[in-house]
Amino acid sequence: MSTTASDPLAALSSLPGVPDAVDSVRKAVDRVYGHRVMRRRSNEVTAEAALRGSRGSAALAGADWNLEEVRRRTDFSGEDEARMVGAALRLTAEAGQLLSIWRQSPLRVLARLHLVAAGGATPDDAVGRPRLAGESVDESLIEAPIPGAEEVAGRLEGLSRLIIAGGTAPALVTAAVVHGELLALRPFGSHNGLVARTAERIVLIGSGLDPKSICPAEVGHAEQGRAAYVAAFEGYTAGTPEGMAAWITHCGRSVELGVRESTAVCEALQRGAA
């Protein structure tokens, strides 16, 4: 993330196409929150959005399971894909418990997310902390150069300061930058994509844009496909205004697709066929 503005996230908000994306996301979110089903059955919509968001995040990480398989399965040990789906489910469940901590100590939250995601799958001394010099990263989807441990520490601290300071940037912009920066840094030895997408979820919920967590961006990221996800992320790593705008608008479209998914859930609940 490179910008010289005193409020870098706010500066990104004015990039070409970003204001339209922000407005489109806000209108879409408002529409689903206005659905009559949300008056009495919002908890059911939230639960279903969590399941579908987890499935989407796991799919991007290489475990593209059918939704009904995720719903049916109770044992997520064993093969790599099962463990990945289990990690995504655990992270989604954990996200709502960390909202109060995020604005005061985002690095603590990220450490907790990695601990939850790893679930004993990585050596104990590597869990819940940024990687050290010389430690490898297991992240097959993102092939961009991996920053060194010193750069990771510095950029994580910078990201933490931005989050704690707050600012005037829309939730979509902040969420996209948090997501993109964590993907770029890959600060942990494993599960960085899952952690990055969960952090995006936390920002969207904690900002008040999606307080009931019914607009799973992970669904939209998965629906647009791994190739589109990687291509948009390359815009983020390029750091150009055009590239940053492309990443933010991609994240906005993902939220809108998540809204569409939850709207369908509302319609099904209304028909009694969920």
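Student: Where does Arg 201 lie?

Tutor: Arg 201 lies in helix H10. Helices (H or I, at least four residues) and strands (E, at least two) are DSSP runs, numbered from the N terminus. By the way, this is a predicted model: local features need pLDDT of at least 70, side-chain atom pairs count only at pLDDT 80 or more, while totals for chains, interfaces and linings use all residues. Residues are numbered from 1 along each chain as its sequence is written, and side-chain values use heavy atoms, with hydrogens and water left out.

Student: Is Arg 201 buried or exposed?

Tutor: Buried means under 20% relative accessible area, exposed over 50%, and partly exposed in between (1.4 Å probe, protein chains only). Arg 201 has 6% relative accessibility, so it counts as buried.

Student: What does the side chain of Arg 201 make a polar contact with?

Tutor: A polar contact is a pair of N or O atoms within 3.5 Å; within protein, one must be able to donate a hydrogen and the other to accept it, and residues adjacent in sequence count only if both atoms are side-chain atoms. Here the partner is the side chain of Ser 213, at 2.6 Å. Plain contact just means heavy atoms within 4.5 Å. Leaving aside neighbours within four places in sequence, Arg 201 has contacts that include Ala 49, Thr 92 and Pro 216.

Student: How many residues of H10 are buried?

Tutor: H10 is mostly covered, with 14 of its 15 residues buried. For its length, the expected span of a helix is 1.5 Å times one less than its number of residues. H10 (residues 192-206) reaches 21 Å from its first C-alpha to its last, close to the 21 Å expected. After H10 comes Gly 208, whose phi is positive, near 95 degrees.

Student: Now aromatic rings. How many aromatic pairs does a search of the whole structure find?

Tutor: A pair of aromatic rings is described by the distance of the centres and the angle of the planes. Rings of Phe, Tyr and Trp (its six-membered ring) pair if their centres lie within 6.5 Å; planes under 30 degrees apart count as stacked, over 60 as edge-to-face and the rest as tilted. The search finds five pairs. Take Tyr 236 and Trp 247: their centres are 6.4 Å apart and their planes at 65 degrees, so this pair is edge-to-face. Tyr 236 sits in helix H12 (residues 226-238) and Trp 247 in helix H13 (residues 241-271), so the pair ties together parts that are 11 residues apart in sequence. Tyr 236 is buried, at 2% relative accessible area, and Trp 247 is buried too, at 0%. Tyr 229, Phe 233, Tyr 236 and Trp 247 form one aromatic cluster.

Student: Which residues touch the most other members of the largest nonpolar core?

Tutor: A nonpolar core is a set of buried Ala, Val, Leu, Ile, Met, Phe, Trp, Tyr and Cys residues joined through side-chain atoms within 4.5 Å. Of the 81 residues in the largest one, they are Trp 102, Leu 110, Trp 247 and Val 255. Helix H9 (residues 171-185) gives the largest share of this core, 11 residues.

Student: And where is Glu 79 found?

Tutor: Glu 79 is in the loop between helix H4 (67-72) and helix H5 (80-95). At 41% relative accessibility, Glu 79 counts as partly exposed. Its side chain makes a polar contact with the side chain of Arg 73, at 3.3 Å.

Student: How many helices and strands are there in the protein chain?

Tutor: There are 13 helices and zero strands.
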